[in-house]
Amino acid sequence: MGSHTNVTEFILTAFKSHPGSQFFLSVLFSTMYIVTVVGNACMILIIRMDSKLHTPMYFFLKNLSILDICYSSVITPKAALAFSLGRRIISYNGCASQMFFFSLFGTTEAFFLAVMAYDRFTAICNPLLYQIIMNKRLCVFMVAGSYLSGCINCTIQTGFTFSLSFCGRKEINHFFCDVPAVMHTSCSDTLVNEIVMLAVCGSIIVGTALVVFISYVYIIITIVQMPSAESRHRAFSTCSSHMLAVSLFFGTVFFMYAQPGATSSPDKSNTISILYTVVIPMLNPFIYTLRNKEVKGSLKKQLKRKGF
C-alpha cells in the first residue's frame, strides 16, 4: 500500500466548522457509547442467565448484541476523543484498520438481520418443523457465514480504497474513515472504485433486504390467515421489534451506499452516518427489550433475584 501514497496520516474534519458544538458532540457520543455497551451487555447477560431464552431467536439476538458493541467501538470512542481533545489526526494504517473493521461489522450486521428474518419466517410459517430446521448446527453456521461474508466485503472495500493514491489532500470530511469519504480525498480517478463499491455494497444490501422482505411477506400472509386475534397478536409481537430494527438499519445504509453519487454529499452523509454507527447500536437492545415480553419477564426475574 505504501507505494501508492506519500500520505502517512489523515485529518478527520467532520463538524469542525461548528466549534461551539465540539463539547456537546463529545458528551453526546460518549453517553451514547456507554449506553450502547451497557445496554447490549445487559442483553447478553439476560439471555445467558435465563435457560428459557436459549432458543435460536435469542442466540441470534445475543450475537447481534456482541456485534453492536464491536461495531460501535470501532467508531464512537475515537470520534468522542476527537471532539473533546481536538485530536483529529488518524494514521494511514489506523484509517485502513478502522475502515476494515467497520466494513466487517457493518456487513455482518446486515446478514444477521437477514438471518433473524429467516428465523422468524421458519418459526411462524413452519412451527412444527422449527426445532428441526433451526438446529444448533445451522444457527452456528449462519453466524459464521455472516462473519465470513463481512470479511470478504471488508477486504474488497479496504483493498480497493487503499490502492488509490493520496498525494496532497489529507483532510477527510467525516468523523471516521468511511469508504466514500476516503475515496473523495484521493487524487486518483475513483470511478472504478465507486462502481465496485456500488456493485458490492449494493448487492449485499439489496440481497439481504430481499431476504428480509420475502420472509416478511410470507410471515404477514401466514399471520393474516391465523384463526384467532390472540394468535395473530402473539405472532406479530415476535416480529415487530425485528421489523423496526431492520427498517432503521436498511433505511440509513441504503441511503448511504446503495445509490449512485454516494460520495457527492459529505455533509449530509456525516449526519446520516451518526444514525447507523452510533444511534442504531444503542437503540437495538431497547427495541428488543421494550417490545419483547419474554426478555422483560426475564429482566424482572433477574432483578428480583438481586434484591431490586
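How many disulfides does a search of the whole structure find? Hi everyone, let's start there. The search turns up 1 disulfide. Please keep in mind as we go that this is a predicted model.

The partners in that disulfide are C95 and C177, and their sulfur atoms sit 2.0 Å apart. Where in the chain are these two cysteines? C95 belongs to helix α3, while C177 is in the loop between β3 and α6 (179-185). They are 82 residues apart, so to speak, and the pair links distant parts of the chain. The link also has a hand: with -120 degrees about the S-S bond, it is left-handed.

Now to the sheet. Strands of a sheet pair through backbone hydrogen bonds, and they can do that in a parallel or an antiparallel way. Here we have an open sheet of 3 strands, in the order β2-β1-β3, and the pairing is mixed. The edge strands are β2 (89-91) and β3 (171-172), each of which pairs on one side only. If you look at β1 (residues 9-12) and β2, you will find that they run antiparallel and are joined by 3 bridges. For a landmark on screen, find F10, which stands opposite I90 in β2.

Let's move on to helix pairs. Two packed helices are described by the angle between their axes and the distance between the axes. Take α1 (residues 22-49) and α2 (residues 56-85) to begin with: their axes are 9 Å apart and the angle is about 160 degrees. Angles over 145 degrees count as roughly antiparallel, and α1 and α2 are therefore roughly antiparallel to each other. Their crossing is left-handed. By class, this contact brings together 16 nonpolar, 10 polar and 3 charged residues.

Next come α5 (residues 136-161) and α7 (residues 191-224). Their axes come within 10 Å and cross at roughly 165 degrees, so α5 and α7 are roughly antiparallel to each other. The crossing of α5 and α7 is left-handed. Which residues of α5 meet α7? They are N153, I156, Q157, F160 and T161, and on the α7 side you will see N193, V196, M197, V200, C201 and I204.

Notes: Residues numbered from 1 in each chain as written. Predicted model: local features only at pLDDT ≥ 70, side-chain atom pairs only at ≥ 80, totals over all residues. Heavy atoms only, no water. Axes fitted to C-alpha atoms, helices over the stretch in contact; angles between N-to-C directions. Helix = DSSP H or I, 4+ residues; strand = E, 2+ residues; numbered from the N terminus. Parallel < 35°, antiparallel > 145°, perpendicular 65-115°, else oblique. Left-handed = near helix turned anticlockwise from the far one by under 90°. Contact = heavy atoms within 4.5 Å. Pairing = 2+ DSSP bridges. Disulfide = S-S within 2.5 Å. Nonpolar A, V, L, I, M, F, W, Y, C, P; charged D, E, K, R; others polar.
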